[in-house]
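Keep the sequence and the 3D view at hand while reading.

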Amino acid sequence: PQQTAPERGPGTELKKLLAKIGITATPNCKCNARARHMDAMEAQEPGWCERNIDTIVGYLREAAAERKLPFVDMAGRVLVKRAIANARRKGADAGRPPHHD
């Protein structure tokens with residue numbers, strides 16, 4: 001059985017944003033596992049993804065290099081921040097209080 005991770009969160013939202021620009025997980029990449037890890041950690045420790053944004057941007061940089069795609073750290077940071085904001089908004093919509101910094 002797979003680990004039970006939330007089916008929503010910043011990792012899930014990041015995958016959705018990447019899919020919009022044609023970048024999807026492949027069978028041999030670490031994308032799905034990393035997305036699940038992001039979702040699980042954010043659920044356990046709200047704010048985890050923001051505190052670890054450099055690590056997450058590093059995941060994106062590594063995946064881009066493996067796919068021989070260009071990568072700009074600033075664009076990666078913007079994508080991750082958007083994914084976090086989208087996840088928080090959806091969490092608030094689901095009846096959770098919105099997270100404030």
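Contact means that heavy atoms lie within 4.5 Å. Leaving out residues up to four places away in sequence, C49 touches P10, M38, E42, I56 and I84. The model is predicted, so local features need pLDDT of at least 70, side-chain atom pairs count only at pLDDT 80 or more, and totals for chains, interfaces and linings use all residues. Residues are numbered from 1 along each chain as its sequence is written, and side-chain values use heavy atoms, without hydrogens and water.

Helices are DSSP runs (H or I, at least four residues), numbered from the N terminus. A nonpolar core is a set of buried Ala, Val, Leu, Ile, Met, Phe, Trp, Tyr and Cys residues joined through side-chain atoms within 4.5 Å. Buried means under 20% relative accessible area, exposed over 50%, and partly exposed in between (1.4 Å probe, protein chains only). The largest core has 14 residues, and L14, M38, W48, C49, I56, L60 and V80 touch the most other members.

| Helix | Residues |
|---|---|
| α4 | 53-66 |
| α5 | 73-93 |

The largest share, 4 residues, comes from α4. Buried residues of α4 are I53, I56, V57, G58, L60, A63 and A64.

After α4 comes K68, with a positive phi near 55°. F71 lies in the loop between α4 and α5 and is partly exposed, at 28% relative accessible area. Beyond its neighbours within four places in sequence, F71 contacts V57, L60, R61, A64 and G76.

Technical notes:
Helices (H or I, at least four residues) and strands (E, at least two) are DSSP runs, numbered from the N terminus.
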